Amino acid sequence: MIRSLYTVSPLRHFLRSSRPLGPSNLSILSISSSRSFSITSRSFNAVKQVEPLVHQVPVFSPEEKEAAKKARLEGLGPYVSKLPQRWIPYAELMRLEKPVGTLLLLLPSFWGITMAAYGIGAPVLTTLKVVSLFSIGALVMRGAGCTINDLLDRDLDNKVARTMERPIASGRVSVPQAITFLGVQCFAGLGVLLSLPFECFYLGALSLPFVAAYPLFKRFTYYPQAMLSICFSWGCLLGFPAVGAPLNLFVAVPLFISNFLWCMIYDTIYAHQDKKFDISAGIKSTALKWGDKSRPYMNVLASGQAGLYALSGFMNNMGPGFYLTGAWGFARLFSQIKNVNLDDPKSCWKAFTGNIRTGFIFWLGMVVDYIMLMCGWNFF
């Protein structure tokens with residue numbers, strides 16, 4: 001288990017504080033530990049006395065570090081592990097060995113594209129082209145988002161067992177190298193964006209502040225999941241101009257909020273994996289904020305998601321496939337919320353990754369309705 005740097009509660013509070021240290025702060029500093037020591041000072045000399053005591057405490061034992069390294073190497077999978085050794089840390093920065101996030105980012109885009117194509121009867125080739133471009137864009141921009149996250153979180157990642165082997169936190173990629181790689185990814189993403197209609201350019205650019213702000217939210221608020229959910233729902237909007245459809249807010253907004261609520265659910269489950277370590281590292285999340293109330297809160301969010309999902313389909317005159325697979329998908333979601341053990345990281349991971357199948361089930365109904373429309377079967 002992790003040995004926290006901040007085992008003494010007052011010391012933890014002091015070191016976490018973002019306020020500048022001054023004489024007034026230091027004069028009231030008093031720290032106690034099992035060695036029964038205290039520090040009281042009116043100058044910055046107090047900090048010099050505290051730091052050695054902190055750094056004497058090892059964060060992880062050699063055995064724990066070796067176990068984390070072994071887990072990372074085993075998790076590279078059959079494809080990333082075969083890349084040249086110099087490329088592997090950069091592939092890890094993009095999370096190529098963990099496509100779960102890319103798929104969860106991509107699915108709302110598929111929803112938006114397919115519903116927009118259904119709404120205007122867009123040609124199949126146009127729809128397939130846009131799906132392909134979005135697939136490339138999601139891979140690249142999710143990688144860029146992960147790089148930004150790892151840059152900002154490098155001093156937090158090394159305090160959590162699951163993230164201590166990330167490329168920047170472990171020192172395998174330097175900060176300048178990561179920034180350069182981020183620039184390459186952003187230019188690649190820009191190339192994809194410029195291949196789409198111009199409306200997608202400015203609409204996509206509006207999402208960038210949210211992408212950049214997400215890693216900072218976990219430091220200052222218990223709701224970083226809200227910022228991530230905005231980012232992961234943006235594809236619901238982009239899909240409309242991408243196929244040449246007008247941005248129908250009566251369809252796109254309910255779909256956007258529905259996906260927002262879904263993302264809040266599965267990312268809260270994801271956050272429960274690390275809650276014990278997050279407390280030590282000072283990382284905030286809905287898992288910590290909601291605690292034992294997470295399950296009822298997620299049920300409420302899922303109910304809201306179902307209602308808004310149905311409203312979006314109704315406003316777009318979707319066919320029976322949309323509603324049948326929607327019922328199937330929500331049955332899965334409520335079952336996951338009911339059965340997941342929020343105190344078991346393995347159970348949380350299984351429920352989290354299970355949302356990929358749920359998302360594809362939702363999309364299946366949209367695709368069925370679109371194909372039926374292309375075949376001349378118009379139900380409304």
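Tryptophan 234 has a relative accessible area of 12%, so it counts as buried (under 20% is buried, over 50% exposed, and partly exposed lies in between, with a 1.4 Å probe and protein chains only). Before going further, note that this is a predicted model, in which local features need pLDDT of at least 70 and side-chain atom pairs count only at pLDDT 80 or more, while totals for chains, interfaces and linings use all residues. Residues are numbered from 1 along each chain as its sequence is written, and side-chain values use heavy atoms, leaving out hydrogens and water.

The whole structure holds 23 aromatic pairs, where rings of Phe, Tyr and Trp (its six-membered ring) pair if their centres lie within 6.5 Å; planes under 30 degrees apart are stacked, over 60 edge-to-face, and the rest tilted. Tryptophan 234 pairs with phenylalanine 210: the ring centres are 5.6 Å apart and the planes stand at 40°, so this pair is tilted. It links distant parts of the chain, with phenylalanine 210 in helix α12 (residues 208–220) and tryptophan 234 in the loop between α13 and α14 (235–242), 24 residues apart. Helices here are DSSP runs (H or I, at least four residues), numbered from the N terminus. Phenylalanine 210 is partly exposed, at 27% relative accessible area.

Compare tryptophan 262 and tyrosine 266, whose pair is edge-to-face at 5.1 Å centre to centre, with 85° between the planes. Both lie in helix α15, four residues apart, about one turn of the helix, and both are buried. They also belong to a cluster linked by ring pairs, whose members include Trp111, Tyr309 and Phe362.

Tyr309 leads us to helix α18 (residues 294–315). At 1.5 Å a residue, its 22 residues should span 32 Å, and the end C-alpha atoms are 31 Å apart, which agrees (the expected span is 1.5 Å times one less than the number of residues). Among the buried residues of α18 are Met298, Leu301 and Tyr309. The buried residues of α18 pack against α7 (100–120), α15 (249–271), α17 (286–290), α19 (320–339) and α20 (345–374), with contact meaning heavy atoms within 4.5 Å.

How values were computed:
Helices (H or I, at least four residues) and strands (E, at least two) are DSSP runs, numbered from the N terminus.
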